[in-house]
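This briefing is intended for a reader who has the sequence and the coordinates at hand. Please consult both while reading the points below.

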Amino acid sequence: MRIRSRLHGLALTALLGAFAAAMLFPIGLTLADSLMSEAEIGRNYDLIGKMVDAANGGKDAFVNLKLLPDWLTFGQYAQVLILSPKFLHMFWNSAGLVAPIVAGQTLVGSLAAYAFAKLRFPGRDKLFLVYLMTMLMPFQVTLVPNYLVIDMLGLMNRSAAIVLPGIFGAFGVFMMRQFMAHIPYALTEAAKIDGAGQWTIFARIVLPLAKPGLAALTVLLFVDYWNMIEQPLIFLQDAAKQPLSLYLAQINEAARGIGFAASALYMAPMVLLFLYAESYFVEGIQQSGIKG
């Protein structure tokens, strides 16, 4: 029985390892290609999707994928970071949009989640159901009402057109409510008996216990809004105000090396944030009850 269970464990580990390797392969390939010269990238990728002509035998042509460049070069990174100010300009545009959205939705979501999880008031569950319904609607469904409201408020082509709807998004409320619902009522009731008010209970008891949930929410919100495409395309017509998520689509085929370097730099903030908050992130997802 022990041998069988060990074999099952080894098989499961091998399967998960192969799955992880398949998921990480595009990232490794992007990093490797970002360190190649433009000429080497051209040799490796010029044959994608093409057919060799009849003079060469008429055989299919395959892309030559390499994880190790012939010669290491950082020319693409120098081009992106030093010689081309557009990348850094759009990077700070993204930071200026994502930072207030993450901070604002975390704060608003925590306050609203505390009310939904720990306070009793008429219509609480029905109101929370409305929040869930708005979260289930895709962006395309609410696009026209959002556009009309933003245009009426005079926020078109301004960062507030993206930041304000992001701050009051429903996902933060939902996730933090699920997390705070697992905090025992005995703790809050004991604090009430000791004379603590709602603000004291929230700030000194519930919020410190909700740190894993806050970390998980921060990571998920950052990844979501760092990668946003539709909102800046529609609400920010001025290219000088658009975020980094739109930069890669503007790179032409002649600058593939720059595209790989920009992709690697684009992924870096998300990877670093996840590695920094990994333990809190996993714990927060588990305790909030959200399934992948």
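The model is predicted: local features need pLDDT of at least 70, side-chain atom pairs count only at pLDDT 80 or more, and totals for chains, interfaces and linings use all residues. Residues are numbered from 1 along each chain as its sequence is written, and side-chain values use heavy atoms, with hydrogens and water left out.

**Helix pair H8 and H11**

- Helix H8 (residues 170-180) and helix H11 (residues 211-226) have axes that come within 10 Å and cross at roughly 155°.
- This angle makes H8 roughly antiparallel to H11 (over 145 degrees, on a scale from 0 to 180 degrees between N-to-C directions).
- Helices here are DSSP runs (H or I) of at least four residues, numbered from the N terminus.
- The crossing of H8 and H11 is right-handed, that is, the near helix is turned clockwise from the far one by less than a right angle.
- H8 contributes Phe171, Gly172, Met175, Met176 and Phe179 to the contact (heavy atoms within 4.5 Å), while H11 contributes Pro212, Gly213, Leu214, Ala216, Leu217, Leu220 and Leu221.
- Of the residues in the contact of H8 with H11, ten are nonpolar, two are polar and none is charged (nonpolar covers Ala, Val, Leu, Ile, Met, Phe, Trp, Tyr, Cys and Pro; charged covers Asp, Glu, Lys and Arg; the others, Gly among them, are polar).

**Aromatic rings**

- Twelve aromatic pairs are present in the structure (ring centres of Phe, Tyr or Trp, the latter by its six-membered ring, within 6.5 Å).
- The ring centres of Phe91 and Trp92 lie 5.3 Å apart with planes at 90°, so this pair is edge-to-face (planes over 60 degrees apart).
- Phe91 is partly exposed at 21% relative accessibility, whereas Trp92 is exposed at 59% (buried is under 20% relative accessible area, exposed over 50%, partly exposed in between, with a 1.4 Å probe and protein chains only).
- One aromatic cluster is formed by Phe91, Trp92, Phe222, Trp226 and Tyr266.

**Ser34**

- Ser34 belongs to helix H1 (residues 2-34) and is buried, at 0% relative accessibility.
- Not counting residues up to four places away in sequence, Ser34 touches Thr73, Gln76, Tyr77, Phe260, Ala261 and Ala264.

**Lys86**

- Lys86 belongs to helix H4 (residues 85-118) and is partly exposed, with a relative accessible area of 41%.
- Lys86 and Leu244 are 158 residues apart along the chain, yet their C-alpha atoms are separated by 9.3 Å.
- Lys86 touches Tyr247 and Gln250, not counting residues up to four places away in sequence.

How values were computed
Helices (H or I, at least four residues) and strands (E, at least two) are DSSP runs, numbered from the N terminus. Angles under 35 degrees count as roughly parallel, over 145 as roughly antiparallel, 65 to 115 as roughly perpendicular and the rest as oblique. Rings of Phe, Tyr and Trp (its six-membered ring) pair if their centres lie within 6.5 Å; planes under 30 degrees apart count as stacked, over 60 as edge-to-face and the rest as tilted.
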